Each structure stands twice: as C-alpha cells, then as structure tokens.
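Please keep the sequence and the model in view while reading.

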Amino acid sequence: MRYSLDDIQAPIAAEMQEFETKFRQSMQTRVLLLDKIMGYIIKRKGKQLRPMFVFLTAHTASQDPTAALPEATFRGAALIELLHTATLVHDDVVDESNYRRGFFSVNALWKNKIAVLVGDYLLSRGMALALENDDFDLLKIVNNAVRELSEGELLQIEKARRLDITEDVYFDIIRQKTASLIASCTAVGASSVGASKELVERARLFGEKVGMAFQIKDDLFDFGTAEIGKPVGIDIKEKKMTLPLIYALQQAPWLQKRRIIYNVKNNDGRADRVQAVIEFVKKSGGLDYAIERMKQFRDEAVQILHTFPASPARVSLEQLIDYTIEREK
C-alpha cells in the first residue's frame with residue numbers, strides 16, 4: 001500500500017510547520033546577497049524527509065510519545081538541514097552540476113566562489129546553533145555523519161578509477177554516503193528527547209538500515225525510465241559502480257565482464273554503450289538482486305523499529321520506510 005507524505009506527516013504536522021518557520025529564521029542574515037541566496041535555497045527545498053525522521057523518531061523514543069517535543073528536537077532538525085544543505089552546495093561545485101532537483105544550482109547562478117562561501121556559511125550556522133545552546137551530543141552525532149559522508153565520497157572516487165568495487169565495498173560506501181545522514185536524523189531525534197545511549201544507538205541503527213534501502217532504491221532508478229530528477233544511466237556515465245551492476249558482473253563470464261567494464265570505463269557519454277550496460281544488468285538479474293537486498297534492509301529496519309513502544313509516530317515511521325522504497329522519484 002502506498003502512503004502520501006501528508007498521511008505520514010499527520011502525527012507531526014504542527015511540528016513540521018513550526019520547524020519551517022524556525023529553520024527560515026536560522027538562515028537569516030544581514031548580508032543582502034547571502035540573504036537572497038538563503039531565500040532561494042529555502043524555496044527549492046525537497047520533500048523534508050530528514051526533519052520528518054527527526055520528529056517521528058523523537059516521538060517514538062520519548063517516554064511520552066504524545067508529549068510536545070522540546071526545543072532541542074527542532075534545533076537538531078535544523079542542524080541536520082543546515083549541514084546537509086552545505087554539503088549539497090559544495091557537491092554541486094565539485095560535480096560541476098548546474099541543476100539540483102530541476103532548479104539551477106547555487107554555483108550555476110552565483111558562480112563557484114560564492115557557492116563555496118555559502119556552503120561554509122551554512123556549516124558555521126549549524127555549528128553555532130548547536131554551540132549556542134550547548135547541544136554537544138547532537139553536534140557530535142551530526143559531525144560524525146558529515147565526516148562519514150566525506151569519507152564515503154572519497155572512497156567512491158578512489159574505487160571509480162579502477163572499477164574494482166566489490167559488494168562489501170559498495171555497502172561501505174553507501175553506509176557512509178547516504179545511510180549515515182538518515183542514521184544521524186534518527187539518532188538526533190532520540191537524543192533530543194533524553195533517550196538513553198542504548199536507545200539512541202538503536203535509533204541510529206534503525207536509520208542506517210533505512211538509509212541503505214533508500215540508496216539502493218536510488219541506484220535502481222538509473223536502470224529505469226521514471227522521471228526522477230536525474231537522467232537514466234547517469235551513474236554509468238559517471239563510472240559509478242552500483243549494486244545491480246556489481247552483482248551482474250559477478251555472474252558474467254570473464255570475456256563479457258571485460259567488455260562491460262570497458263563500456264563503463266570508456267562510455268564517453270555514448271548512449272549506445274550506456275544502453276548496452278543497462279541491458280546487460282537487466283538480463284543478468286542485477287535489478288532483481290538489488291530489489292531483494294533493498295527489501296532485506298527494509299525488513300531489518302522494521303524489526304528494530306518494533307522494539308520501540310507502539311504509537312502513531314511509530315506507525316508513520318514504518319509508512320515512511322515503505323515510502324522511501326516505493327517512491328517513483
């Protein structure tokens with residue numbers, strides 16, 4: 001069954017509205033150019049999945065799931081959004097990308113120098129927000145996620161040069177690149193309501209499992225036709241080894257494997273070579289295997305989630321997991 005984001009947000013609708021106001025305030029500045037760019041960033045925000053994970057986990061891990069959330073939860077959600085937005089702005093500079101979710105990127109409109117400085121500003125705003133309120137536990141969680149994200153990106157770049165990524169290395173990369181951020185959302189949510197270290201760790205592990213499933217779903221889009229904000233085959237063009245391709249190569253005879261790796265390494269954006277790789281993955285069972293692993297991570301996440309007491313927020317979290325693996329974009 002598919003759920004809409006409005007349905008999933010129902011138990012935290014008031015908090016999400018309050019968060020939007022507080023997040024806008026946290027990004028205000030007296031520098032006119034900076035304020036203009038901050039306004040542009042806020043206008044093109046995405047589905048707000050990260051704050052949803054924070055608020056729903058906070059209610060789920062709270063001793064009283066129906067109680068009003070403390071200010072620390074809102075600051076934790078804002079901290080994650082500020083630091084994550086900073087990494088996206090910097091990523092667009094590194095990737096020389098002119099678009100983000102169908103909109104012009106900051107570097108496309110204001111050039112690289114300003115984009116890098118904007119990213120730095122967002123990082124400093126996030127750290128200041130935490131330090132001004134002595135939210136050291138929250139800052140520690142999010143800082144760890146940003147470190148892992150950077151390490152994951154560098155590991156992927158290192159391996160992309162040789163195209164020798166094994167399944168284990170792939171899982172290491174996506175755990176750091178994607179899962180660490182969702183894990184920080186769920187850990188921050190639990191920590192912000194005073195949950196025990198054991199409970200915070202359980203919430204973090206839950207978020208990590210969801211993040212793994214989320215990234216595999218993202219990788220599957222590269223082989224389909226859905227309109228997802230990035231062209232089909234873009235991962236192959238960028239020589240990124242994703243799970244469907246890794247599995248398909250493991251099953252292939254040596255000569256075919258060599259030919260496919262050549263097409264990935266030397267595709268030069270050529271549609272025929274990219275399409276040949278896509279067809280190879282589909283015929284070799286790569287998509288089916290990736291879907292199976294995605295569902296496995298989903299089941300592991302639900303298993304951890306069910307160790308928390310039943311509540312409307314827990315129901316929404318389970319629906320949010322399903323939303324992440326059933327989404328069309």
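Helices here are DSSP runs of at least four residues, numbered from the N terminus. The model is a predicted one.

Q: At what angle do helix α5 and helix α7 pack, and are they roughly parallel or roughly perpendicular to each other?
A: Helix α5 covers residues 71-94 and helix α7 covers residues 136-160, with their axes 10 Å apart. The angle between them is about 20°. Angles under 35 degrees count as roughly parallel, and α5 and α7 are therefore roughly parallel to each other.

Q: Which residues of α7 meet α5?
A: The crossing of these two helices, α5 and α7, is right-handed. By class, their contact has eight nonpolar, one polar and two charged residues. From α5 come A72, G76, L79, I80, L83 and D91. Their partners in α7 are L138, L139, V142, V146 and E153.

Q: What is the volume of the second largest cavity?
A: A search of the whole structure finds two cavities of 30 Å³ or more. The volume of the second largest cavity is about 60 Å³.

Q: Which element gives the most to the lining of the second largest pocket?
A: About 430 Å³ of space lies in the second largest pocket. Its lining has 18 residues, and D137, K140, I141, A187 and V200 lie nearest the centre of the pocket. Two or more lining residues come from each of α7, α8 and α9 (197-221). With six residues, the element that gives the most is α7.

Q: How many charged residues are in the lining of the second largest pocket?
A: Sorted by class, the lining of this pocket has six nonpolar and five polar residues. The number of charged residues in the lining is seven.

Q: Are helix α3 and helix α6 roughly parallel or roughly perpendicular to each other?
A: Helix α3 (residues 32-43) and helix α6 (residues 106-132) pack with their axes 11 Å apart, at an angle of about 100°. Angles of 65 to 115 degrees count as roughly perpendicular. The two helices, α3 and α6, are therefore roughly perpendicular.

Q: How many nonpolar residues are in the contact of α3 with α6?
A: On the α3 side, the contact is made by L33, L34, I37, M38, Y40 and I41. On the α6 side, V106, L109, W110, I114, V118, Y121 and L122 take part. The contact of α3 with α6 has no polar and no charged residues, and its count of nonpolar residues is 13.

Q: Is α2 oblique or roughly parallel to α4?
A: Helix α2 (residues 13-26) and helix α4 (residues 49-61) have axes 10 Å apart and pack at an angle of about 130°. That angle makes the orientation of α2 to α4 oblique.

Q: Which residues of α4 make the contact with α2?
A: The crossing of α2 and α4 is right-handed. The contributors from α2 are E15, M16 and F19, and those from α4 are P51, M52, F55 and H59.

How values were computed:
Residues numbered from 1 in each chain as written. Predicted model: local features only at pLDDT ≥ 70, side-chain atom pairs only at ≥ 80, totals over all residues. Heavy atoms only, no water. Axes fitted to C-alpha atoms, helices over the stretch in contact; angles between N-to-C directions. Parallel < 35°, antiparallel > 145°, perpendicular 65-115°, else oblique. Left-handed = near helix turned anticlockwise from the far one by under 90°. Contact = heavy atoms within 4.5 Å. Nonpolar A, V, L, I, M, F, W, Y, C, P; charged D, E, K, R; others polar. 1 Å grid on protein atoms, 1.4 Å probe; cavity = no way out; pocket = protein on both sides within 12 Å on 5 of 7 lines; lining within 4 Å. Points joined across faces, edges and corners; volume = space filled by probe spheres on them.
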